[in-house]
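Here's a friendly walk through one protein model. Have a look at the structure first, and then we'll go through its parts together.

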Amino acid sequence: MEALLAERGIVRATLAGIPKRDRADVEQAVFIGAWKAIRSGRYRPNPKDPPRDALRKWLHGIAWRQAAKYLDSAWVRRFILDPQPLGLLRGVVGPSLDAQVEARDLLRAIERLEPRHRDILLAVDTPETLASYAAQRGMNPFTAASRLRIARAMLALRIQRWRR
């Protein structure tokens with residue numbers, strides 16, 4: 001493997017036409033393919049050639065084939081760079097304007113709640129469980145669940161009053 005990696009320059013020179021974002025992946029495919037070929041006995045250099053020259057020619061061939069395979073892939077053939085990709089979309093991207101307004105109203109309603117109700121509502125959104133939230137605050141998990149139920153009811157009441 002060390003002899004293969006020592007010839008990295010010839011592989012990189014062969015892959016110069018591949019975009020930088022994918023060059024390392026194709027280079028990796030070259031070395032993996034070469035290593036598998038050596039292990040399976042498919043590397044049979046010409047005895048007349050010097051060993052290093054034979055290895056360089058062989059690696060160049062593998063790199064050339066991997067580059068051709070990359071350039072012929074459907075992903076590369078259909079990949080189009082555009083400075084304004086969102087301008088190509090025909091529909092609305094992201095939440096609709098109504099959903100954004102409703103989300104802002106909901107955030108305002110949460111902001112107007114008492115701090116204890118706001119804290120428990122926002123704690124539900126964290127990755128920790130309600131039981132761990134209760135344990136951190138030294139309360140019974142059932143008490144935390146009850147407070148969450150009350151906070152949700154207060155939020156619903158706040159939203160109903162705002163919409164009237």
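## Starting at L5

Let's begin with L5, which sits in helix α1, covering residues 2–6. Helices here are DSSP runs of H or I with at least four residues, numbered from the N terminus. L5 is partly exposed, as its relative accessible area is 44%. For these labels, buried means under 20% relative accessible area, exposed means over 50%, and partly exposed is in between (1.4 Å probe, protein chains only).

L5 also belongs to a nonpolar surface patch, together with M1, W35 and I38; the four have about 340 Å² of accessible area together. A patch like this takes residues with over 30% relative accessible area and no salt bridge, with nonpolar side chains (Val, Leu, Ile, Met, Phe, Trp, Tyr) joined within 5 Å. The areas come from the Shrake-Rupley method with a 1.4 Å probe, and only the protein chains shown count as cover for residues.

## What you're looking at

This is a predicted model: local features need pLDDT of at least 70, side-chain atom pairs count only at pLDDT 80 or more, and totals for chains, interfaces and linings use all residues. Residues are numbered from 1 along each chain as its sequence is written, and side-chain values use heavy atoms, leaving out hydrogens and water.

## The nonpolar cores

Now for the inside. The largest nonpolar core has 18 residues, and the ones touching the most other members are L4, V11, L15, W58 and L59. Helices α2, α3 (20–39) and α4 (51–72) each supply at least two of its residues, and α4 gives the most, with seven. A nonpolar core is a set of buried Ala, Val, Leu, Ile, Met, Phe, Trp, Tyr and Cys residues joined through side-chain atoms within 4.5 Å.

Which residues does W58 touch, not counting those up to four places away in sequence? They are L4, A34, A37, I38 and Y43, where contact means heavy atoms within 4.5 Å. There's also a second, separate core of 13 residues, with A109, A134, M139 and A151 among them.

## Salt bridges between parts

Side chains of opposite charge can pair when their charged atoms come close. This structure holds eight salt bridges, each a side-chain nitrogen of Lys or Arg within 4 Å of a carboxyl oxygen of Asp or Glu. One of them joins R56 and E7, whose closest N and O atoms are 2.7 Å apart. R56 is in helix α4 and E7 in the loop between α1 and α2, so the pair ties together parts 49 residues apart in sequence. R56 is partly exposed at 29%, while E7 is buried at 5%.

Another bridge pairs E27 with R8, with closest N and O atoms 2.5 Å apart. E27 is in helix α3 and R8 in helix α2, so this pair ties together parts 19 residues apart in sequence. E27 is buried at 8%, and R8 is partly exposed at 37%. R12 is in α2 too (residues 8–14); R12 and E27 are 15 residues apart in sequence and 7.2 Å apart in space, C-alpha to C-alpha.

Finally, look at helix α6 (residues 97–111), where D105 lies. D105 forms a salt bridge with R108, their closest N and O atoms being 3.2 Å apart. Both residues lie in α6, three residues apart, which is about one turn of the helix. D105 is buried at 18% relative accessibility, whereas R108 is partly exposed at 40%.

Conventions: Patch = residues over 30% accessible without salt bridge, like charges linked within 9 Å, V, L, I, M, F, W, Y side chains within 5 Å.
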